[in-house]
Amino acid sequence: MSKSFDDLLAKVSTCSKKKLAVAVAQDKPVLEAVKAAKERGIADAILVGDEAEIKKIADEIGMDLADYEVIHEADVQEAALIAVGLVHDKKADMYMKGIIDTKSFLKSILNKERGLRTGRPLSHVAVFDIKGIDHLLFLTDVAFIPYPTLEDKVNIINSTVDVCHACGIDMPKVAPIAAVEVVNPKMPCTVEAAELTKMNEEGQITGCIVDGPLSMDLAIEPEAALHKGATDRKIVGDADVLLFPDIHAGNLVYKVLVHTTEFKNGCILTGTSAPAILTSRSDSFETKVNSIALAAVVADAMAKQN
């Protein structure tokens, strides 16, 4: 079971070598991460984009392009379609955003002929290894679905649980987060949290333990459960997955963790037929490398299921 990103990186070494397709690859931070991923044995890469620009950046960072397949396509939209098509056609295992706007990247994923559609809605999971917490925390959805419906939340749980399983967490504990840990009809997210818990108990949501609504302290701090007399809950400060009621709550918690804790993290899109890496330009170098490692582990698990 992966309890840290070090464990996750060790797990990568037991997987078959994966290949990454990068859309519009002429981006220095992305190429630096791709280079490090290859050097660390995480993944090889196919670079799709403006070959002259890719070569210029590669020379700057000491990246030997002889070690990579480079496909020249100067048009941004077409480069994305070529890269995502490589994953669609099983010539690559994962898809990564280069210097292309998010809207165009997502449009390529949703392309009917060459994309990575599954029928599930796309969502986003951020995996955190935080000093002081003895296991990985999976945060969802912090970046994609603004106001998830109950049906959306079921899909988000299912997709995130698949990521947990790929990381070796066989029965992840999912905490639908709210401001309080009791159902309040005036707070719809608490009502939906209770519905999700019931669906889990009745076998409609499987492969995990759902317990909600839960306040954040009860989800991540065992002492809080003791002080609040909530030690009879299924989750007593040991949640693996934090399911947020909306993008505001998720994004706020994500940014607080990034700016106030000692951490490692990685992020991927879920609901796709292969892992998609949608990193921000503000993400650190290590976050980009960790995201590739996370995608490699998930890609390996998906390959074994197919």
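C164 is buried, with a relative accessible area of 0%, where buried means under 20% relative accessible area, exposed means over 50% and partly exposed lies in between (1.4 Å probe, protein chains only). The model is a predicted one, in which local features need pLDDT of at least 70 and side-chain atom pairs count only at pLDDT 80 or more, while totals for chains, interfaces and linings use all residues. Residues are numbered from 1 along each chain as its sequence is written, and side-chain values use heavy atoms, with hydrogens and water left out.

A disulfide is a covalent bond between the sulfur atoms of two cysteines. Here the term is applied to a pair of cysteine sulfur atoms within 2.5 Å. A search of the whole structure gives 0 disulfides. C164 takes part in none, as the nearest cysteine sulfur, that of C167, lies 6.8 Å away. C208 is likewise in no disulfide, and its nearest cysteine sulfur, that of C164, is 8.5 Å away. C208 is buried too, at a relative accessible area of 5%.

Strand β10 covers residues 263-270 and is mostly covered, with 6 of its 8 residues buried. β10 pairs with strand β5 (residues 123-130) in the antiparallel sense over 8 bridges; two strands count as paired if DSSP finds at least two bridges between them. Within this pairing, A126 is found opposite C267 of β10. Another strand, β9 (residues 241-243), contains V241. V241 has a relative accessibility of 2% and therefore counts as buried. V241 and V180 are 61 residues apart along the chain, and 17 Å separates their C-alpha atoms.

Which residues of helix α3 are buried? In this helix, which spans residues 51-61, they are I54, I57, A58 and I61. These residues cover an arc of only 105 degrees around the axis, so they sit on the same side of α3; the arc is that of the directions from the helix axis to the C-beta atoms. The face turned away from the buried side of α3 carries the exposed residues A52, K56, D59 and E60.

Attention now turns to empty space. Rolling a probe the size of a water molecule over the atoms shows where such space is left. On a 1 Å grid over the protein atoms alone, a cavity is a set of points where a 1.4 Å probe fits but cannot get out, a pocket is an open set with protein on both sides within 12 Å along at least five of seven lines, and lining residues have an atom within 4 Å of a point. Grid points are joined across faces, edges and corners, and a volume is the space filled by probe spheres set on the points.

The structure has 2 cavities of 30 Å³ or more. The largest cavity holds about 60 Å³ of space, and its lining includes D27, K97, T279 and R281. By class, this lining has 2 nonpolar, 3 polar and 4 charged residues, with Ala, Val, Leu, Ile, Met, Phe, Trp, Tyr, Cys and Pro counted as nonpolar, Asp, Glu, Lys and Arg as charged, and the others, Gly among them, as polar. The second largest cavity has a volume of about 50 Å³. Among the residues lining the second largest cavity are K153, C189, L243 and F244, and helix α7 (residues 188-201) supplies the largest share, 4 residues. The classes in this lining are 8 nonpolar, no polar and 2 charged residues.

The largest pocket contains about 440 Å³ of space. It is lined by 20 residues, and Y254, K255, S280, S282 and D283 are the closest to its centre. α10 (247-260) and β10 are the elements that give two or more residues to this lining, and α10 gives the most, with 5 residues. The lining of the largest pocket has 7 nonpolar, 10 polar and 3 charged residues.

About 310 Å³ of space lies in the second largest pocket. Of its 19 lining residues, R120, D162, T272, V298 and M302 lie nearest its centre. Elements giving two or more residues to this lining are α6 (150-166), β10 and α11 (285-305), and α6 provides the largest share, 5 residues. By class, the second largest pocket is lined by 9 nonpolar, 8 polar and 2 charged residues.
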